[in-house]
Amino acid sequence: MAQAEEFGAELADFRRRVEELRSARALPGAGRPPALEAALDAALLELEHAAGVLWPRYEELAGAERHRGAREEHHEHRLLRVLFQRLPVAVALLDRDGVVRRLNPAAARLFGVRAGYATGRALTGSLAHESRAVFRSQVAAVARGGGDRSLVVRPLHPPEPGGGPAEGAGTGAGGGLRATLTALRPPHEPRSVVLAVFGPDALPGGGAPAGPDAAGAPPRALPGAGPGPDEPARSAELMDLMDGMTEALLLADSPKDVPQRAAEVLYGRFADWVVVDVAVPGGVLRRAAVLAPAGRLRDAVAAQDPLSWSPVAEAVRRGEPFLQVRPEDPGLLGRDPAGAPVLARAEIGSLLCVPLADGAGGPALGALTLLRAGGRRAFELAEAAAVDRIARHMALAMRGM
């Protein structure tokens, strides 16, 4: 480094001398005096010296310093990456909008997602609906320089089995997680990012998590994962579902009986909510079947205008399936009479809506919407393809309604 600075100083002096020589050469007059000719000769010598000695040597030294600095920085980055990956607590690096930049394995287990799948998606999709707005607001405040924050949030899915407090995957008795947020300013980046650390809520009454993923239960599939060891079992389940649907459609007394028969096959075994909307003369949609847990929310959904569900409107208009995991928009499924979002009240974790079309190019006869609650495995593409086939068979059976 000292040699590079020395050569830099010498080059600075050289630049000043060249400027003086250029000024001397710019003097007017055809016949230059001997003193000026001597100055031009001196300039030529200086330039040759710079081209032959100073510049190549300075570039060599500067390049060596840059290479050494880059090697040290690369080593430092590798060390930080290893530490981030091996931290026993759940850590996420977020931008000011709550979008995931990095997610370590402990956080991936905690939220039930693959780290690569989560990158570029909002982390709020992994939180229960009532926690999303607060978390998003606190992240934005920290990124703006509002200081460190700590709050309790609730994950949409229960933690992975075996992820106790030591691994950053435990929750309190109420399913709460303590999220600690702090701002970081990475080098070479114009904006701050937010480091979020998640752990069990340390408030009194904390305990072991409970739910369908308790110890001894098979681990759920993570969004973004490839085929796993249970893939053959899932294929068999889909085949069994198709057989059951075929039988139900063949036994339907009339085309008007098709929506209810199909909904009964899908409800419970495949989805927590099954909603069938059909078109009536005049292009209006009506709710033909709603199967869901009994309660006021089910009655409210049955009384809704089907077009208040944007996935239904899009599926019918475009004739294409709509699949969304961890939906962010709380108004996606309209609101109940009290004004509360249906998506949040039902704690929906994934949504699949397919048009009831026979594939012949005609208008859709309606839409089939399937919903799974947050504690259940999300819909996958293979399941969406199977449901699309079911919808086509339903449309064929419904002709003549």
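Buried means under 20% relative accessible area, exposed over 50% and partly exposed in between, with a 1.4 Å probe and protein chains only. The views below show a predicted model, in which local features need pLDDT of at least 70 and side-chain atom pairs count only at pLDDT 80 or more, while totals for chains, interfaces and linings use all residues. Residues are numbered from 1 along each chain as its sequence is written, and side-chain values use heavy atoms, with hydrogens and water left out.

**View A. The aromatic pair of Phe-270 and Phe-379.** Rings of Phe, Tyr and Trp (for Trp, the six-membered ring) pair if their centres lie within 6.5 Å, and planes under 30 degrees apart count as stacked, over 60 as edge-to-face and the rest as tilted. Phe-270 and Phe-379 are a tilted pair, at 5.8 Å centre to centre and with 50 degrees between the planes. Because Phe-270 belongs to the loop between H7 and E6 and Phe-379 to the loop between E10 and H11, the pair ties together parts that are 109 residues apart in sequence; helices (H or I, at least four residues) and strands (E, at least two) are DSSP runs numbered from the N terminus. Phe-270 counts as buried at 5% relative accessibility, and Phe-379 is buried at 3%.

**View B. Arginine side chains over aromatic rings.** A charge sits over a ring if NZ of Lys or CZ of Arg is within 6 Å of the ring centre and within 35 degrees of the ring normal. Arg-372 lies over the face of Phe-270, at 4.9 Å from the ring centre, and Arg-287 lies over the face of Trp-309, at 4.3 Å from the ring centre.

**View C. The open sheet of 5 strands.** The strands follow the order E7-E6-E10-E9-E8 with antiparallel pairing, where two strands pair if DSSP finds at least two bridges between them. Strand E7 (284-291) and strand E8 (322-325) are the edge strands, each pairing on one side only. E8 and strand E9 (residues 348-355) pair over 4 bridges, and Val-325 stands opposite Ser-350 in E9.

**View D. Surroundings of Met-394 in the largest nonpolar core.** Such a core is a set of buried Ala, Val, Leu, Ile, Met, Phe, Trp, Tyr and Cys residues joined through side-chain atoms within 4.5 Å. Among its 34 residues, those touching the most other members include Met-394, Leu-266 and Val-274, and H11 gives the largest share, 8 residues. Leaving aside neighbours within four places in sequence, Met-394 is in contact (heavy atoms within 4.5 Å) with residues including Leu-249, Val-276 and Leu-368.
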